[in-house]
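Hi,

Here is the structure I promised to pass on. My notes follow below it.

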Amino acid sequence: MHIRKDSPLYLISIDMDGTVAAPNQKLSGVYEKFLRALQKLPRIEIVLNSGKSVKYLEREAARIGGRYVIANNGAAMQILGGDKMIFGGHRKDIIKLRHLIGLSAEDEGVKPIHVKKNTFEVAIEEDKADIVLTLFSEPEWVKHRWKFDQGLNRAELHEYLKKLIKKHNLHLHVLEPHPDGAVDVVRLYNKKPINKSTLPRMVREIWSHVRVKRISMFGDGSNDVPAMIAHGVTGITFPEANQEKVIRPVLKHNGLVTSKEAWIRKGKTKYIPGGGVMEGIRALAYKGFFEDYEQEVVKICERYLRQLHRERGKK
């Protein structure tokens, strides 16, 4: 769908893990149907914005009729079936770090890495090449994808990578570990880590012909905060997010915290959808974010909140 220059764009940028998908799971169920219904409305664009790879997010976006994804924690934007935009340089430093821990440029899946004089197995996120390096050292969180023995916990891996980057003067930065155990190494741009704060810039690039752009960002993790507090973006997070690292900065920048959780935890690795995403989008509608489409958006939100309530009643 082409948006005319004189028409507004209502963009909902949305994180995957912990927001519209359970940690390390695919988009499915009520959230998938809900996003597909929203995407059908004129001038609304649903953009999945995640640390996952472009290839992974393209598959997920296609299921909801999406046309754009932002991948690798803000480092790449892909038009489905079209061009890719890679943000920043220093891609050779990602390869050098891989070599320092015993990985080739192409290694992915379960592989051994060298930590000082020891060797440990980790899982390497696929299809990220020299853009971002994502490692999982705790098998419990990714057992549906990979099987390996734990040697390091996420905090130990995080600290070791930080020291290695500093020692070899690499233009890289290690993000705080994600709730699902992922440890991301990202590149620097102007001496700052490339992160999801690239959202407004990428929107300007893709929709340069559109005058009015309303941008929202939904997320639950500290890696989502740079996008949620970026200039011109309305951030929405959930009550289960970290109070200091996520909720406080979002509220400080006039964002919203829903009363419903995005996902309700039922055990260490089991989750059920809580409806926080529908509540957040409905709140945006009541604030006038969607202008003339307010009532249509509210109806869709309430329809899927009722569906979620009925599904819970059957369990």
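In which sense do strand β4 and β5 pair, and over how many bridges? Strand β4 (residues 76-79) runs antiparallel to β5, with 3 bridges between them; pairing here takes at least two DSSP bridges. Ala76 sits opposite Ile86 in β5.

Before going further: this is a predicted model, with pLDDT of at least 70 needed for local features and 80 or more for side-chain atom pairs, while totals for chains, interfaces and linings use all residues. Residues count from 1 along each chain as its sequence is written, and side-chain values use heavy atoms, without hydrogens and water. Helices (H or I, at least four residues) and strands (E, at least two) are DSSP runs numbered from the N terminus.

That pair belongs to an open sheet of 8 strands, ordered β5-β4-β3-β2-β1-β12-β13-β14, with mixed pairing. β5 (84-86) and β14 (256-257) are at the edges with a single partner strand each, so one side of each has no neighbour in the sheet.

β8 (residues 133-136) joins β10 antiparallel through 4 bridges, with Leu133 partnered by Val185. β9 (residues 172-174) also pairs with β10 in the antiparallel sense, over 3 bridges, and His173 stands opposite Val186. β10 and β11 make a hairpin with 2 residues between them, where Asn190 in the turn has a positive phi of about 55°.

Cheers
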